[in-house]
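Please take a moment with the sequence and the three-dimensional view that follow, and keep both at hand while reading.

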Amino acid sequence: MSVAKKDIKKVTTHILQGMKNRGEKIAMLTAYDYSMARIFDAAGIDIILVGDSASNVMAGHETTLPITLDQMIYHAQSVIRAIDRCFVVVDLPFGTYQGDSKMALKSAIRIMKESGAHSVKLEGGAEVKDSIKRILSAGIPVMGHLGLTPQSIYKFGTYTVRAKEEEEAAKLLQDAKMLQNLGCFGIVLEKIPAKLGKQVSELIDIPTIGIGAGPDCDGQVLVSHDLLGITKDFHPRFLRRYLELFDAIKGAVEHYISDVKAVDFPSDKEQY
Ligand code: KIV
């Protein structure tokens with residue numbers, strides 16, 4: 001029997017909080033288009049992140065900086081059309097929320113109104129406090145992002161592990177507490193020592209979602225193109241590849257090309 005959309009128990013911030021409270025891990029993955037989001041939702045993913053990593057894996061940029069708000073909205077619209085159950089978080093792209101909380105609210109409202117997404121994510125701690133406050137004041141759920149924050153890559157200079165030193169770790173702990181106190185519903189922790197991931201997850205009551213932040217976070221997130229092996233030359237220690245799709249797709253396309261060249265495709269059964 002098929003289940004009507006309205007009968008499906010949708011994932012909400014309330015449900016995510018309940019998962020943390022019960023010790024049930026949260027599974028999150030990035031998606032940027034309808035077809036992939038449809039598969040992930042059917043598989044039972046809890047959260048889809050329409051990440052600004054779209055700038056890398058969809059558009060081929062070296063960093064996440066070039067992607068625009070319009071482009072993020074386009075990706076988010078495609079994902080929202082696909083899902084029945086999961087919670088959808090959309091990244092506010094670089095330059096749309098830093099330093100001007102009114103602009104931040106405008107950007108977040110555009111995402112919510114034009115895509116139908118459920119929440120936004122933005123990178124940083126104390127530096128973006130005013131933006132987070134203003135977005136939250138409009139009733140828009142906000143997810144924080146601490147540790148390695150790729151929009152600041154030119155400040156960091158490298159994509160290496162963050163907060164290994166005591167001072168940076170202390171600031172991260174302080175920022176995490178602040179994000180919770182402001183009213184964020186969750187925080188992504190990217191590429192920090194596992195010990196610090198555990199410390200943050202125990203310190204705060206809202207869910208932490210790790211990517212290279214150890215097993216004690218309340219959930220995990222990966223860029224789907226990495227998990228599926230569509231990207232090939234990216235081998236961080238935290239990544240587990242569940243498929244080698246680059247090779248599988250390349251093999252299928254090579255097979256197709258050779259069938260076309262050999263006039264083996266289309267066959268008698270594949271024509272009208
Ligand atoms: O944009 C993205 O994919 C992200 C994840 C790495 C958490 O922010």
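This is a predicted model: local features need pLDDT of at least 70, side-chain atom pairs count only at pLDDT 80 or more; totals for chains, interfaces and linings use all residues.

A residue is called exposed when its relative accessible area is over 50%, and buried when that area is under 20%. Val263 belongs to the segment after helix H11, and its phi is positive, at about 55 degrees, although the residue is not a glycine.

Most residues other than glycine have a negative phi, and most peptide bonds are trans. Ala163 is found in the loop between helix H7, residues 153–156, and helix H8, and because its relative accessibility is 3%, it counts as buried. The peptide bond between Phe265 and Pro266 is cis, with an omega of about -5 degrees, and Pro266 lies in the segment that comes after helix H11, which spans residues 245–261.

The next stop is the ligand. Around the ligand stand Thr30, Leu49, Gly51, Asp52, Ser53, Asp91, Lys121, His145, Val188, Glu190, Ile211 and Val223, and this shell divides into four nonpolar, four polar and four charged residues. Several of the side chains bring a polar atom to an oxygen atom of the ligand: for Ser53 the distance is 2.5 Å, for Asp52 an N or O atom of the side chain is 3.0 Å away, and for Asp91 the separation is 3.1 Å. On its own the ligand has 260 Å² of accessible area, of which the protein covers 95%.

A pair of aromatic rings is described by the distance of the centres and the angle of the planes. A search of the whole structure finds two such pairs, and one of them is formed by Phe87 and Phe185, whose ring centres are 5.4 Å apart and whose planes meet at 75 degrees, so that the pair is edge-to-face. Because Phe87 lies in strand S3, residues 87–91, while Phe185 lies in the loop between helix H8, residues 166–182, and strand S6, residues 186–190, the pair ties together parts that are 98 residues apart in sequence. Phe87 and Phe185 are both buried. A ring also takes part in another kind of arrangement, for the charged end of Arg162 sits over the ring of Phe156, at 3.8 Å from the centre of that ring.

Ser137 is located in helix H6, and because its relative accessibility is 61%, Ser137 counts as exposed. The side chain of Ser137 reaches the backbone oxygen of Arg134 at a distance of 2.6 Å, and between the C-alpha atoms of Ser137 and Gly183, which are 46 residues apart in sequence, the distance in space is 9.5 Å. Gly139 has its place in the loop between helix H6, residues 129–137, and strand S5, residues 142–147, and because its relative accessibility is 60%, Gly139 is exposed. From Gly139 to Asp46 there are 93 residues in sequence and 21 Å in space, taken from C-alpha to C-alpha.

Conventions
Residues are numbered from 1 along each chain as its sequence is written. Side-chain values use heavy atoms; hydrogens and water are left out. Rings of Phe, Tyr and Trp (its six-membered ring) pair if their centres lie within 6.5 Å; planes under 30 degrees apart count as stacked, over 60 as edge-to-face and the rest as tilted. Helices (H or I, at least four residues) and strands (E, at least two) are DSSP runs, numbered from the N terminus. Buried means under 20% relative accessible area, exposed over 50%, partly exposed in between (1.4 Å probe, protein chains only). A charge sits over a ring if NZ of Lys or CZ of Arg is within 6 Å of the ring centre and within 35 degrees of the ring normal. A residue is near a molecule or strand if one of its heavy atoms lies within 4 Å of it. A polar contact is a pair of N or O atoms within 3.5 Å; within protein, one must be able to donate a hydrogen and the other to accept it, and residues adjacent in sequence count only if both atoms are side-chain atoms. Accessible areas come from the Shrake-Rupley method with a 1.4 Å probe; for residues, only the protein chains shown count as cover. Ala, Val, Leu, Ile, Met, Phe, Trp, Tyr, Cys and Pro count as nonpolar, Asp, Glu, Lys and Arg as charged, and the others, Gly among them, as polar.
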